[in-house]
Amino acid sequence: MSDVTRAKHGRPVHHWRRDLIELAALFTAVAVADVTANLVGHGPDGPALLGLSAAALVATAGFHAWWTRRHGHAPPTSDTDARPLTEGEQAGPPGRDAATGATALWRMRTTVKDEPGTLAALCTALAGQRIDILSLQTHPLAQGTVDEFLVRAPAEVDPGEITRAVSLSGGTETWVERADAHDLVDAPTRVLGLATRTALDAAELPLALRQLLGRCTIRSLPAISPGSGRPEEDAPVEGALEDTVMRLRAPEGGVITVERPYLPFTPTEFARARALVELDARLGPRIPRSQDVLTLPKGTPITVRRADTSDLEAAKEMHDRCSPRTLSMRYHGPVVDADRYLNHLLSPRFGRTLAVQTPSGRIVGLGHLLWDGDETEVALLVEDEWQRRGVGSELLGRLVTVAVEAGCESVYAVTQASNTGMVTAMRGLGLPLDYQIEEGILVITARLDATPVASRPPYGHAYEQHGAKGAQD
């Protein structure tokens, strides 16, 4: 193809510079020929000038040939670092390791000086490790800025290499942790999703905070101690932030304490957490009203549903129908104090409660899944007349399903060593169990990460965590 080249999409592309050179060469040749003809016809030096004319034409032709070879084709690979793909090779997406194609997602946070060029230096250091930045958030501080990244790195790059590269570029207090596909959601979308979960169910607030802030310990302290009846320590209305600990005023009174020893909280994270708590406070008490109607093995129909503090009086009536022995096995203390714990146990701030009721509406069983810092406790109370009918096993299976879907690694039950009903229910889960007995008190721990529990809907409909893997309080 002499007068055009083709672009990568196949359409011809004309080079105006080459056309201009060819036109100039044509005019030069015509002018030289005209001058030569006049001199040859009218002067004595005609033969010499004719030779010079021929030399000029040869030089012009040579120049034209050189220009065509240099500009008549696509740029050489040395100019673009491009090369054709070999057979069986295909281009991969940005950020994919060219050698093996294996990559890993990482969350990274580092503190840099609040000066021009610090972020550029950090990005250059990551690029040197073939690390692709997928998202970036900045958290301004009084001194410096915390930059939070979601990056994709080649699989062979370990976190130590990332930390060293960041340190050499000026980053300090660097923290790196593996991420997964859930972290690909941008921050505004994630926060809106957590707000939606909190708006639908008051019990979601601790889990939403856990999902928002990552691995942390969340504890809720009531305004009044359920055991002593004395006021607990309160938090300022606007909350308090102290490095790795934040304290927030709970909507119903009391304190929500969030601890993350491995990574200090930023003012931005504190503001987001406080906004979620304020949203929860404005919406007031609320739980999903779905319920399941099912038939026990002996043919008795029951209803399983969520319960909260609105069921306090019905729960006290069930206490009155329970024998002292049943109450003492459940509460491990004076029977007269049993009612005092109910307001705390039924609050969605401290966990999840499921109730079993008869067709007449009477509550005959309560199951509690209690968030206990980094651990999760499960507790059951079944009215005497309804024991050994499968009520306890039904409640336990549903509560453990909630724990699994909330990302809990284990659940434990505290009971008396003589409580064979609780032991039988725990063994019926089909999970690895650990037993500890001390002074007649039996602690049974079921490991949830070892064997999946048989899935049961915890109440009404399938429990939806909306990507809350790892969330627990």
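Let's start with burial: of the 473 residues in the protein, 41% are buried. Buried here means under 20% relative accessible area, and exposed means over 50%, with a 1.4 Å probe and protein chains only.

A word on the source. This is a predicted model, where local features need pLDDT of at least 70, side-chain atom pairs count only at pLDDT 80 or more, and totals for chains, interfaces and linings use all residues. Residues are numbered from 1 along each chain as its sequence is written, and side-chain values use heavy atoms, with hydrogens and water left out.

Next, the fold. The protein has 13 helices and 18 strands. These are DSSP runs, numbered from the N terminus: helices are H or I with at least four residues, strands E with at least two.

Which of its residues are buried? I162, A165 and V166. Down the axis of α5, the buried residues fall within an arc of 95 degrees, so they line one face. That arc is taken from the directions from the helix axis to the C-beta atoms. R164 and L168, on the other side of α5, are exposed. The buried residues pack against β3 (103-112), α4 (118-128) and β6 (172-178). Contact means heavy atoms within 4.5 Å.

Contacts across the whole chain, then. Count those between residues at least 6 apart in sequence: 63% of them join residues at least 24 apart.

Last, the surface. Its accessible area comes to about 25,300 Å², and 56% of that belongs to carbon and sulfur atoms. The areas come from the Shrake-Rupley method with a 1.4 Å probe; for residues, only the protein chains shown count as cover.
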